[in-house]
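Grab a pencil and work through these exercises with the structure open beside you. Try each task before you read its solution.

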Amino acid sequence: MLRLIDSGAHLRNLPDELVLMRVSSDFYQRRGGFSYLRHTFRFLSLCLGEGRMTRVQYARAAVERTIQCLMPNSLRDWVYRFLLRTDANC
């Protein structure tokens, strides 16, 4: 996706759901822990270094991702299901 943006493509979200997918029982567990957080910080640092985000955006994303990665799996499950994946038309 970053190559598309670099080439001048304009991206946006579609209003319709195009894919219905099932989530395995370990989906939320894989999105947490120190290993996942380390990869996340690598990506954020790359974005900062390439000028894709400001220091303020980096700091905000770092705090949000740290909380998300270190919260208990049961809470992460609830956040993903009921806060992040809500219907946009509600």
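## Exercise 1: A cysteine and its surroundings

Cys 47 is buried, with a relative accessible area of 7%. Keep in mind that this is a predicted model.

**Task.** Find out in which helix Cys 47 sits, and which residues Cys 47 contacts once its neighbours within four places in sequence are left aside.

**Solution.** 

Step 1. Locate the residue: Cys 47 belongs to helix α3.

Step 2. Skip the neighbours within four places in sequence, and you're left with contacts to Arg 52 and Met 53.

Step 3. Now look at Gly 32. Gly 32 is 15 residues from Cys 47 in sequence, and their C-alpha atoms are 21 Å apart in space.

## Exercise 2: The nonpolar core

**Task.** Work out which residues make up the largest nonpolar core, and which helix gives the most to this core.

**Solution.** 

Step 1. List the members. There are six: Leu 44, Cys 47, Met 53, Tyr 58, Ala 61 and Ala 62. Our cysteine from Exercise 1 is one of them.

Step 2. Pick the top contributor: α4 gives the most, with three residues.

Step 3. Among the 90 residues of the protein, 19% count as buried.

## Exercise 3: A patch on the outside

**Task.** Name the residues of the nonpolar surface patch of about 680 Å², and say which helix gives the most to it.

**Solution.** 

Step 1. Collect the residues: Met 1, Leu 2, Leu 4, Ile 5, Leu 11, Phe 43 and Leu 46 make the patch.

Step 2. At least two patch residues come from α1 (2–6), and at least two come from α3 (34–49).

Step 3. Find the biggest giver, which is α1 with three residues.

Step 4. Take one member as a test case. Leu 2 lies in helix α1 and has 32% relative accessibility, so Leu 2 counts as partly exposed. A patch residue needs over 30% relative accessible area.

## Exercise 4: Charged partners

**Task.** How many salt bridges does the structure hold? Then describe the ones around Glu 64 and the network that includes Arg 52.

**Solution.** 

Step 1. Start with the count: there are four salt bridges.

Step 2. Go to Glu 64. Its side chain meets that of Arg 60 in a salt bridge of 2.8 Å, N to O. Glu 64 also forms a salt bridge with Arg 65, where the closest N and O atoms are 3.7 Å apart. The cut-off is within 4 Å.

Step 3. Ask why Glu 64 and Arg 60 are about one helical turn apart: they are four residues apart in helix α4.

Step 4. Compare the accessibility labels here. Arg 60 is exposed at 58% relative accessibility, Glu 64 is partly exposed at 37%, and Arg 65 is partly exposed at 32%.

Step 5. Move on to the network, which links Asp 6, Glu 50 and Arg 52 through salt bridges. Within it, the side chains of Arg 52 and Glu 50 meet at 2.8 Å, N to O.

## Exercise 5: The whole protein

**Task.** How many helices and strands does the protein have?

**Solution.** 

Step 1. Count the elements: five helices and zero strands. From the N terminus on, the order reads α-α-α-α-α.

Step 2. Get the dimensions. The C-alpha trace spans about 35 × 35 × 20 Å along its principal axes.

Step 3. Look at contacts with a separation of 6 or more: 56% of them are between residues 24 or more positions apart.

Step 4. Finish with the surface. The accessible surface comes to about 7,900 Å², and 57% of that belongs to carbon and sulfur atoms.

Methods:
Residues are numbered from 1 along each chain as its sequence is written. This is a predicted model: local features need pLDDT of at least 70, side-chain atom pairs count only at pLDDT 80 or more; totals for chains, interfaces and linings use all residues. Side-chain values use heavy atoms; hydrogens and water are left out. Patches are made of residues with over 30% relative accessible area and no salt bridge: like charges are joined within 9 Å, nonpolar side chains (Val, Leu, Ile, Met, Phe, Trp, Tyr) within 5 Å. Accessible areas come from the Shrake-Rupley method with a 1.4 Å probe; for residues, only the protein chains shown count as cover. Buried means under 20% relative accessible area, exposed over 50%, partly exposed in between (1.4 Å probe, protein chains only). A nonpolar core is a set of buried Ala, Val, Leu, Ile, Met, Phe, Trp, Tyr and Cys residues joined through side-chain atoms within 4.5 Å. Contact means heavy atoms within 4.5 Å.
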